[in-house]
Amino acid sequence: MTLVAGIDSSTQSCKVTVRDLATGAQVRHGTAPHPTETVVDPEAWWDALLTAVRRAGGLDDVAALSVSGQQHTPVFLDADGAVVCPSPLWNDTGSHPHMVALNAELGRSEWILRTGLPLTLSDTAAKVRWLRDTDPAAASRTAAVGVVHDWLTWRLRGHGPGSGGVGLLTTDRSEASGTAYWSPDTGEYCTDLFVHAFGRSCLLPAVLGPLDRAGVTGSGIPGVPAGLPIGVGGGDNAAAALALGLDDGDAVMSLGTSGVVYTRSAAPVHDLGGYVCSYADATGHHLPLVATLNAARNFNAGATLLGCSHEELSELALQARPGADGLTLLPFFEGERTPDLPHARASLHNASLSSLTRSNFARAVVEGTVASQVTMLEALDACGLAPVRLLLIGGAAASPAVRTVLTQMVDLPVAVPQSDEYVTRGAAMQAAGALEGAFPTWPVVVEDLPVVPLEKQIGEQHKAAMAASGYDG
């Protein structure tokens, strides 16, 4: 049996899965947590990767590997390859004023027309401006800027602090497309946009093709033998889309730390409305995507407040009527990216002595979370990207309440792929591509959810609460 490994360095943890090249079946896995802060020393991600590799039984019997990771989050390196300073994660809202400044300086439409991105606080360009403005000394020492997957791949190739070699950083189209200084039309960096954001030029990772090798593993890495081919890797959503075999007309709704909705497109999208981000996928096509900051963690908050488990939260929600007797939650616990409300906080609307019950509150948590995601589907539709099928993935996809509410809110078939770590699966497929020159064809089993009557009041209540909060314009 030939084995390949996929690595996912996500916001919350590092996961490693070892898979059978022929079938994609998982043979073993390992995980390790990441720090909970939103500004993190990158060495914590390297340590977590090594721990996850060890917990997966090591990679001595693996033929190739590849790394996927959280998008946007920069790693700042000096000329000797040392990390200059801690990294602000994609969901750290400290870069909001710097994003506002960049949009004011060039105009919001300039970023959209040139990069396909309505510039947000998550994008790497906003993070490099943040460093320039908040820590000029660290900015002055910075010689190269990559994102998490780029840096981990570089470390696996044997580079690191004191080694130099920052000019050997590599990335892929999906990661480059999340920086806000890369063009989906030309496939080249917009280096002038980087210079505008940072104040000067730096070394940026070379952008490789979907089936290229980033290199081979270096020596002396615990649990990782030297000389293994390393796939190009990529962003987490691009890896998941590859693993799911996303086809034209399919859309994916992923409910994890963030909420993400994306679809596949042959051409880039330039959404002057400012919601759809035109990312690249892992195959040479494009992955128009909309994202929220708040998703599955909303259920943590609801379950904690009610003193129950996630399973009990779902059961309570299904005991309430659709619309929760008018009780409506806007779940902006951490601010929000879509819509652009970084300083907003969650709010509960239309609470009365009769409506404020445990079951209605549980239902409002689920409905508010799902309504935020459905808004992203509407943004894709406005760009002419109306899907014909919706795939629901992520940790919250297992919730019966989430499944029920979603089918009550969308007028299209919904399917739930069999539970798997789709990001690591996609990374493993990239490892296979680096080994054999083509992506493997691994089957995906899906469960089609029952079609139920639409409950329009859920969406109407969400929109009314947005308007009441002054968020409708």
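This report walks through the cores, helices and a few individual residues of a predicted model.

## Ground rules

Because the model is predicted, local features need pLDDT of at least 70 and side-chain atom pairs count only at pLDDT 80 or more, while totals for chains, interfaces and linings use all residues. Residues are numbered from 1 along each chain as its sequence is written, and side-chain values use heavy atoms, with hydrogens and water left out.

## Two nonpolar cores

Let's start inside. A nonpolar core here is a set of buried Ala, Val, Leu, Ile, Met, Phe, Trp, Tyr and Cys residues joined through side-chain atoms within 4.5 Å; buried means under 20% relative accessible area, exposed over 50%, and partly exposed in between (1.4 Å probe, protein chains only). The largest core has 55 residues, of which V4, L131, V145, F194 and Y262 touch the most other members. Helix α9 (residues 236-244) supplies the largest share of this core, seven residues. Helices (H or I, at least four residues) and strands (E, at least two) are DSSP runs, numbered from the N terminus. A second, separate core holds 47 residues, including L255, V365, V370 and V414.

In general, nonpolar side chains in soluble globular proteins tend to be buried together.

Helix α4 (residues 124-134) is largely enclosed by the rest of the structure, because eight of its eleven residues are buried. Among them are K127, R129, W130 and L131.

Helices α12 (residues 358-382) and α13 (residues 400-409) pack at about 50°, their axes 9 Å apart. Axes are lines fitted to C-alpha atoms, for helices over the stretch in contact, and angles run from 0 to 180 degrees between N-to-C directions. The pair is therefore oblique: angles under 35 degrees count as roughly parallel, over 145 as roughly antiparallel, 65 to 115 as roughly perpendicular and the rest as oblique. Contacts (heavy atoms within 4.5 Å) bring R363, V366, E367, V370, A371 and V374 of α12 against A401, V402, V405, L406, Q408 and M409 of α13.

## Residues in loops

T338 sits in the loop between β18 (328-330) and β19 (347-349), and counts as buried at 9% relative accessibility. A polar atom of the T338 side chain lies 2.6 Å from the backbone oxygen of A291. Beyond neighbours within four places in sequence, T338 is in contact with Y275, V290, A291, T292 and M376.

A180 lies between α7 (173-176) and α8 (191-198) and is buried at 1% relative accessibility. D325 lies between α11 (310-319) and β18 and is partly exposed, with a relative accessible area of 36%.

How values were computed. A polar contact is a pair of N or O atoms within 3.5 Å; within protein, one must be able to donate a hydrogen and the other to accept it, and residues adjacent in sequence count only if both atoms are side-chain atoms.
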